[in-house]
Amino acid sequence: MPAAEPFLSRHPWHELPPALAPRLRDRLPELTTEMVQAIRREVRGYRQPIGSAVARDLAEAVRLAATQFTELVEEPDAPQQHYVPRFRRLGRLEYLSGRGMDGLQAAYRIGARVACRRYVDVARDAALPGELAVPLSEAVLTHIHVMAGESVAGFEEARAGAADDVLRSRRLLVARLLQRRRDPLAEPLPDLARRAAWPLPERVRCVLLPTSVKVPGLDADVLRVTRDDELHLVVPDERLLTVFQGTEAAVGPAVPLDEAWVSLHCARLARRLGRTSAQDHLAELHLLHGSPIGSLLADQVLEPLRGLPPGKAERLTDTLDALLASTGRTAPEVATALGIHPQTARNRLRQLTALYGERLDDPAFRFDAQLALRSRSAQRSSPH
């Protein structure tokens, strides 16, 4: 046995017949699929879409483990040190993804449970002695123990070898805060914040600005991450907001820490509207976010005006908007809002009554109409 791997006892594999190896190899596709399915079913963090990086890494890890186990059955004393970097890589990936080792350790245990049962089934189907169940299970547990140990070593190597753990932790922290869906296998937020040297505040604001904009005066309490040509900032309090005045920044509203993504979403919508402070335009942002539905509602509300000449339809639309926004719903109020003569307002109101009839007195219609017209205005104000 090579001196480099004294921890890998080959004893249980010496008790297994090499004839089992080709039987296992023939069944590896179905066996690994069953292991992957069991892990995805029982460990939430690995329930990622098929084709995602996490799902691919999981499938590759299970295939690697089953292949090595089969090789050991076939030739117990064959060198195995070349597998060590590959299992350490799994631990390193967990660390670099901001997760702890709990999920991977759970995956190893579930994989071992399925392997013990299914490998025994393969041996039984091959008419091998039933007594093989004990050394076969011992081999599986030995194998899992060694693989898990190597992955832990890879995790710790990655942690110790980080060039600047505080900066790396801050990048992970801001990415975590801006995620809408949480990874259940992720390192606990207080632990990550502690490594990032960032005291967790109760509320934050997100700021969005082009990477070309230089903002002096940002202190160490501001988390930042660059995505494409945008700089995303997480600001823990309002004391720093003055530094963004006069810049191209879009500032999101103050939100609880676990809703930071909402603040960033509002900042992005505010930028589309050409607004600086999202907090002052939340109604517009809400309408803009539902713009496809708002367009349908506007089409429905303005249906009676569709057959009119465009200019006349637009004037009556403005008059309807002013009427709905007025307090007493009188011609003088509408005239003042539109800057027209009261008699002109009366003429337009008569036309609206002819087109809409009793619906103008229906609270439900008035609500829909105001919502539709505000949505229409927000969409027209948006440059995109």
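Which residues does Ala38 touch, not counting residues up to four places away in sequence? Ala38 touches Ile110 and Val114, where contact means heavy atoms within 4.5 Å.

## Basis of the model

This is a predicted model, in which local features need pLDDT of at least 70 and side-chain atom pairs count only at pLDDT 80 or more, while totals for chains, interfaces and linings use all residues. Residues are numbered from 1 along each chain as its sequence is written, and side-chain values use heavy atoms, with hydrogens and water left out.

Ala38 lies in helix α2; helices (H or I, at least four residues) and strands (E, at least two) are DSSP runs, numbered from the N terminus. Ala38 counts as buried because its relative accessibility is 2%. The classes are buried under 20% relative accessible area, exposed over 50%, and partly exposed in between, with a 1.4 Å probe and protein chains only. Between the C-alpha atoms of Ala38 and Ala254, which are 216 residues apart along the chain, the separation is 42 Å.

Two packed helices are described by the angle between their axes and the distance between the axes. Helix α2 (residues 20-42) packs with helix α5 (residues 102-125) at an angle of about 145°, and their axes are 9 Å apart. Axes are lines fitted to C-alpha atoms, for helices over the stretch in contact, and angles run from 0 to 180 degrees between N-to-C directions. The crossing of α2 past α5 is right-handed, that is, the near helix is turned clockwise from the far one by less than a right angle. Residues of α2 in this contact include Leu24, Leu31, Met35 and Ala38, and those of α5 include Ile110, Val114, Tyr119 and Val122. The contact residues divide into 13 nonpolar, 1 polar and 9 charged. Here Ala, Val, Leu, Ile, Met, Phe, Trp, Tyr, Cys and Pro count as nonpolar, Asp, Glu, Lys and Arg as charged, and the others, Gly among them, as polar.

## Nonpolar cores

The largest nonpolar core has 51 residues, and Tyr46, Phe69 and Tyr119 have the most contacts inside it. Such a core is a set of buried Ala, Val, Leu, Ile, Met, Phe, Trp, Tyr and Cys residues joined through side-chain atoms within 4.5 Å. Two or more residues come from each of α2, α3 (53-74), α4 (84-96), α5 and α6 (133-161). The most, 13 residues, are given by α5. A second, separate core has 23 residues, among them Ala322, Ala331, Ala345 and Leu352.

Leaving aside neighbours within four places in sequence, the contacts of Tyr46 include Ile39, Leu58, Ala107 and Leu185. His143 lies in helix α6 and counts as buried, at 4% relative accessibility. With the neighbours within four places in sequence left aside, His143 is in contact with Trp13, Ala65, Gln68, Phe69 and Leu72.

## Annotated C-terminal span

The UniProt annotation "domain: PucR C-terminal helix-turn-helix", from an unreviewed entry, covers residues 316-374. UniProt positions follow the numbering used here, feature names are shortened, and annotations may be inferred rather than shown by experiment. The span of residues 316-374 is 76% helix and 0% strand, with its end C-alpha atoms 15 Å apart.

## Loop residues with positive phi

Most residues other than glycine have a negative phi. Ala127, in the loop between α5 and α6, has a positive phi of about 60°. Ala127 counts as exposed, at 68% relative accessibility.

Ala197 is found in the loop between α8 (189-195) and β1 (203-210). Ala197 has a positive phi of about 55° and counts as partly exposed, at 48% relative accessibility.
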